[in-house]
Amino acid sequence: MKDKVVGTIGFRYRETIARPSAESVRRLSDYSSCNISDGMHKMYTMDGGIRPISPVKKICGPAVTVRISLGDNLMLHKALGLVKPGDVLVVDAQGSTAFSACGGIMMLRMARLGVQGIVVDGAVRDIEDIREIGLPVYARGLSPQGGGKAGPGEINFPVACGGVVVMPGDIILADGNGVVCVPQGEVDAVAAGVQAKLEKEKKSYAEIEAGQLVKGDIDKILKEKLG
């Protein structure tokens, strides 16, 4: 049943979410996170604290959002029963690196379920296992301390990750440069913005090849600033 909510605030989850079309995901996957950030006028770009742990591999897919409490990952375990192949788990661990939101065993389960990767505003652990499993992991850092399983937490509600509000079903793209979130329904506008920026970059590359190594309009920009 669409949008069915199970439980009450603090211990609730949505069983299903509206996911973007495969074509929408494919269109964005052709670009880098830098391209998409430019196409969104630098909005919806997670801060640089969220970085690839291992391996550095591009992922692009719909967000399944999870909020967990400090030192606990109960609802992240539950989320593994709600994901679909191609999803990206986005975990709001409140930016805490005092404990790990998940480790090798959970990540192996994610990989076997077809999850593309996980983005954690917090820490993870078991770096050797992460490398062996090959699941792309983006997080604030590593912590050997694990979490309990008591809750509270929520799944498929809005979360905060890297300074960005992520809604379930938004498209997450992450690569070696960082992580961006494309709001669902904005794919056409973002793709158009990316293409416009890429056309401007073509001009810059042409100027460089022609021997113009200083930005051509820099003096004009400075003059306008100085008045």
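Phe 11 stands opposite Gly 153, a residue of strand β8. Keep in mind that you're looking at a predicted model.

**Strands around Phe 11**
- Strand β2 covers residues 11-14, and four bridges tie it to β1 (residues 5-8), with the two running antiparallel.
- Phe 11 also has a bridge partner in this pairing, namely Thr 8.
- Between the two strands of this hairpin sit two residues, and Gly 10 takes a positive phi near 100°.
- On to β8 (residues 153-155): three bridges link this strand to β2, and here the strands run parallel.

**A negative patch**
- Which residues gather in a patch of negative charge on the surface? They're Asp 126, Glu 128, Asp 129 and Glu 132.
- You'll find Asp 126 in the loop that links β6 (117-124) with α5 (127-133).
- Asp 129 and Ile 105 are 24 residues apart in sequence, yet their C-alpha atoms are 8.3 Å apart in space.
- Ile 105 belongs to helix α4 (residues 104-113), and its relative accessibility is 62%, so Ile 105 counts as exposed.

**A nonpolar patch**
- Val 214, Ile 218, Leu 222 and Leu 226 make up a nonpolar patch on the surface, and together they have about 410 Å² of accessible area.
- Where does Val 214 lie? Look in the loop between α6 (187-209) and α7 (218-226).
- Is Val 214 buried or exposed? Val 214 is exposed, because its relative accessibility is 59%.

Definitions and conventions. Residues are numbered from 1 along each chain as its sequence is written. This is a predicted model: local features need pLDDT of at least 70, side-chain atom pairs count only at pLDDT 80 or more; totals for chains, interfaces and linings use all residues. Side-chain values use heavy atoms; hydrogens and water are left out. Patches are made of residues with over 30% relative accessible area and no salt bridge: like charges are joined within 9 Å, nonpolar side chains (Val, Leu, Ile, Met, Phe, Trp, Tyr) within 5 Å. Accessible areas come from the Shrake-Rupley method with a 1.4 Å probe; for residues, only the protein chains shown count as cover. A salt bridge is a side-chain nitrogen of Lys or Arg within 4 Å of a carboxyl oxygen of Asp or Glu. Lys and Arg count as positive and Asp and Glu as negative; His and the chain ends are not counted. The place of a charge is taken as NZ of Lys, CZ of Arg, CG of Asp or CD of Glu. Buried means under 20% relative accessible area, exposed over 50%, partly exposed in between (1.4 Å probe, protein chains only). Two strands pair if DSSP finds at least two bridges between them.
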